[in-house]
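Please keep the sequence and the model at hand while reading the points below.

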Amino acid sequence: MKKFDAVLLALAGASSLIGQPIVSDSHSVDLNSAKVHYTSYGKGDTAVLFVHGWSCDETVWSEQAAALAEKMRVITIDLPGHGQSDKPHIDYTMDLYVRAIDAVLRNANVSSVILVGHSNGTPVVRQFYRKFPAKVRALVIVEGGLRPFADAANMEKFIAPLRGENYPGAAGHFIDGMTKPIKDGALRDRIKSLMMHTPQYVAVSEFEATAEPALWKEDKIDIPVLMILAKQPIWSPEYEQFARRLVPKLDYQVWEDVSHFLMMEKPLEFNQALAAFLEKNQLLPKRS
């Protein structure tokens with residue numbers, strides 16, 4: 001079997017291929033007296049680190065982490081305010097998340113990283129690349145934009161209902177809209193449940209932080225980038241041209257019949273696409 005086919009097969013089949021369970025270790029690191037939780041799979045000083053989106057947690061990557069750990073070090077993180085991480089009453093900015101990722105990488109003895117960001121995880125991984133370009137070997141962007149979705153006035157109209165007493169209703173309506181295309185009702189319920197567990201003050205603060213103009217500077221990304229998007233009007237031919245101007249080494253993919261959570265809907269296909277990207281850019285560790 002060709003090496004590339006073997007990579008795809010390993011990622012698709014996960015631990016059953018070798019008959020041994022994938023060992024994962026739960027850790028936490030202190031950041032400003034608050035705990036940041038992460039899970040580490042495997043060994044190595046280079047890792048793929050998965051970053052969840054708005055109001056989610058590390059479990060959205062459950063179908064990717066163990067599978068990819070067959071081939072290299074993998075880390076999933078609960079960003080501050082989410083999942084098993086502490087949830088202090090602070091500003092939940094992209095720079096806070098960048099510092100959390102850096103603390104995790106240092107705690108895990110990882111010197112170089114491939115960052116995978118879903119949705120609002122995209123400005124997080126892009127900001128990390130700006131701050132620590134020497135550490136980042138590649139980016140993977142999943143249903144996330146390189147420019148804001150709305151101007152400041154429209155963003156405020158969107159956020160305003162989330163600040164009120166009926167946050168469960170407003171947030172639930174928003175989440176239902178994101179997950180409506182998912183045919184699997186159990187998956188829709190799972191996503192909504194985990195997102196509703198994130199405190200209102202965290203969710204609102206993060207959305208407010210995305211209005212920071214510095215996040216959306218149109219500076220070049222000079223490393224390989226895989227971008228996987230669900231087909232919808234916002235990802236127009238004009239947007240693709242915009243993205244290619246910023247990212248010379250861009251693998252741009254638009255998938256049909258998937259939702260915002262495409263990696264959870266089609267994990268096998270996503271893992272295959274990720275494997276192909278890593279292989280093409282020689283990002284997988286060499287086998288001894």
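G42 is found in the loop between strand 2 and strand 3, where helices (H or I, at least four residues) and strands (E, at least two) are DSSP runs, numbered from the N terminus. The model is a predicted one, in which local features need pLDDT of at least 70 and side-chain atom pairs count only at pLDDT 80 or more, while totals for chains, interfaces and linings use all residues. Residues are numbered from 1 along each chain as its sequence is written, and side-chain values use heavy atoms, with hydrogens and water left out.

- G42 counts as partly exposed because its relative accessibility is 41%; buried means under 20% relative accessible area, exposed over 50%, and partly exposed in between (1.4 Å probe, protein chains only).
- Beyond its neighbours within four places in sequence, G42 is in contact with V23 and R73, contact meaning heavy atoms within 4.5 Å.
- G42 and Y97 are 55 residues apart in sequence, and their C-alpha atoms are 23 Å apart in space.

- The model has an open sheet of 8 strands with mixed pairing, in the order 1-2-4-3-5-6-7-8; two strands pair if DSSP finds at least two bridges between them.
- Strand 1 (24–31) and strand 8 (250–255) are the edge strands, each pairing on one side only.
- Neighbouring strands of this sheet are turned by 20 degrees against each other on average, direction ignored.
- Helix 3 (residues 94–107) packs on the sheet and touches strand 1, strand 2, strand 3 (46–51), strand 4 and strand 5 (112–118). The direction of helix 3 makes about 125 degrees with that of strand 1; axes are lines fitted to C-alpha atoms, for helices over the stretch in contact, and angles run from 0 to 180 degrees between N-to-C directions.

**Strand 4 and its partners**

- Strand 2 (residues 34–41) and strand 4 (residues 73–77) run antiparallel and are joined by 4 bridges.
- S40 has I75 as its bridge partner in strand 4, and Y41 stands opposite V74 in strand 4.
- Strand 3 runs parallel to strand 4, with 5 bridges between them, and V51 has I77 as its bridge partner in strand 4.

- Strand 5 and strand 6 pair in the parallel sense over 6 bridges, and L115 has L139 as its bridge partner in strand 6.
- Strand 6 is largely enclosed by the rest of the structure, because 6 of its 7 residues are buried.
- Helix 4 (residues 121–131) lies across strand 3, strand 5 and strand 6 (136–142), running at about 155 degrees to strand 5.
- S119 lies in the loop between strand 5 and helix 4, and S119 counts as buried at 16% relative accessibility.
- Leaving aside neighbours within four places in sequence, S119 is in contact with G53, V142, E143, G144 and H260.

**L31 in strand 1**

- L31 lies in strand 1 and is buried, with a relative accessible area of 14%.
- Apart from neighbours within four places in sequence, L31 is in contact with V36, L96, R99 and A100.
- L31 and R99 are 68 residues apart along the chain, yet their C-alpha atoms are separated by 8.0 Å.

**Q64 in helix 2**

- Q64 has its place in helix 2 (residues 62–68) and counts as buried at 1% relative accessibility.
- The side chains of Q64 and N271 make a polar contact (3.1 Å). A polar contact is a pair of N or O atoms within 3.5 Å; within protein, one must be able to donate a hydrogen and the other to accept it, and residues adjacent in sequence count only if both atoms are side-chain atoms.
- Setting aside neighbours within four places in sequence, Q64 is in contact with F50, M263, P267, F270 and N271.

**Helices 5 and 8**

- Helix 5 (residues 152–159) and helix 8 (residues 200–209) pack at an angle of about 175 degrees, their axes lying 10 Å apart.
- Helix 5 is therefore roughly antiparallel to helix 8; angles under 35 degrees count as roughly parallel, over 145 as roughly antiparallel, 65 to 115 as roughly perpendicular and the rest as oblique.
- M155, F158 and I159 of helix 5 make the contact with V204, F207 and E208 of helix 8.
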